Amino acid sequence: METCPSVKNILLLDSEGKRVAVKYYSDDWPTNIAREAFEKAVFAKTQKTNARAEAEITMFDNYIVVYKFSQDLHFFVTGSDNENEIILASVLQGFSDAVGILLRGNVEKKEALENLDLILLCLDEIVDGGIVLETDANVIAGKVASNSVDSGAPLSEQTISQALATAREHLARSLLK
């Protein structure tokens, strides 16, 4: 029986193994204590590796964990032991690249915490209930950016589609007055 590709969790940890943004899609870790213990153990197992240029894959507690480091952030995607590693790696690459786009290449903890809303929206665009929805970083970042349009931002800081949406909104408001 074939199933849709799915993930158990997506983790974004800092260089000390502390949470920046995490999302669990499975009841394999029912309590926050169990989740934090899993995060610490995965971080401890992977922190000595050099997963900066490309993603690495490891088996941990009968789960497949795909991970990648970028400056002081550590990206992890976990799947069941029978999940396709290439799909998990695609989810990881889509997530890390989308975060890079949304943070304008400044992928570090401080910037990530300042834009945590965008990162959480990014997670929602990639996976829903454990089912993989999207892995293309440009599509993910585009959807997140369109969901978080700040109509008060100067037009010079908006994309063309965002500027048109803002103009449409202002026109509609002026017609309704």
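Here is a short chat about helices, cores and a few residues in a predicted model.

Me: What should I know about the numbering and the model before we start?
Reply: Residues are counted from 1 along each chain as its sequence is written, and side-chain values use heavy atoms, with hydrogens and water left out. It's a predicted model, where local features need pLDDT of at least 70 and side-chain atom pairs count only at pLDDT 80 or more, while totals for chains, interfaces and linings use all residues.

Me: Why is K143 called partly exposed?
Reply: Buried means under 20% relative accessible area, exposed means over 50%, and partly exposed is in between (1.4 Å probe, protein chains only). K143 has 36% relative accessibility, so it counts as partly exposed. You'll find K143 in helix α5, residues 137–147; helices here are DSSP runs (H or I, at least four residues) and strands are too (E, at least two), numbered from the N terminus.

Me: And why does A41 get the label it has?
Reply: A41 comes out at 28% relative accessibility, so it is partly exposed. A41 sits in helix α1, residues 32–46.

Me: What makes residues count as touching K143?
Reply: Contact means heavy atoms within 4.5 Å. Leaving aside neighbours within four places in sequence, K143 is in contact with E125 and E134.

Me: Which residues does C122 touch?
Reply: Again skipping neighbours within four places in sequence, C122 is in contact with F95, A98, V99, L102, I140 and V144.

Me: How do you know which residues make up the largest nonpolar core?
Reply: A nonpolar core is a set of buried Ala, Val, Leu, Ile, Met, Phe, Trp, Tyr and Cys residues joined through side-chain atoms within 4.5 Å. The largest one has 32 residues, and V7, I10, F95 and C122 have the most contacts inside it. Helix α2 gives the most to this core, with seven residues. There's also a second, separate core of 15 residues, including V22, F38, F43 and F60.

Me: What makes the contact of α2 with α4 nonpolar, polar or charged?
Reply: Ala, Val, Leu, Ile, Met, Phe, Trp, Tyr, Cys and Pro count as nonpolar, Asp, Glu, Lys and Arg as charged, and the others, Gly among them, as polar. The contact is made by V91, F95, A98, V99 and L102 of α2 with L118, I119, C122, L123 and I126 of α4. By class, that gives ten nonpolar, no polar and no charged residues.
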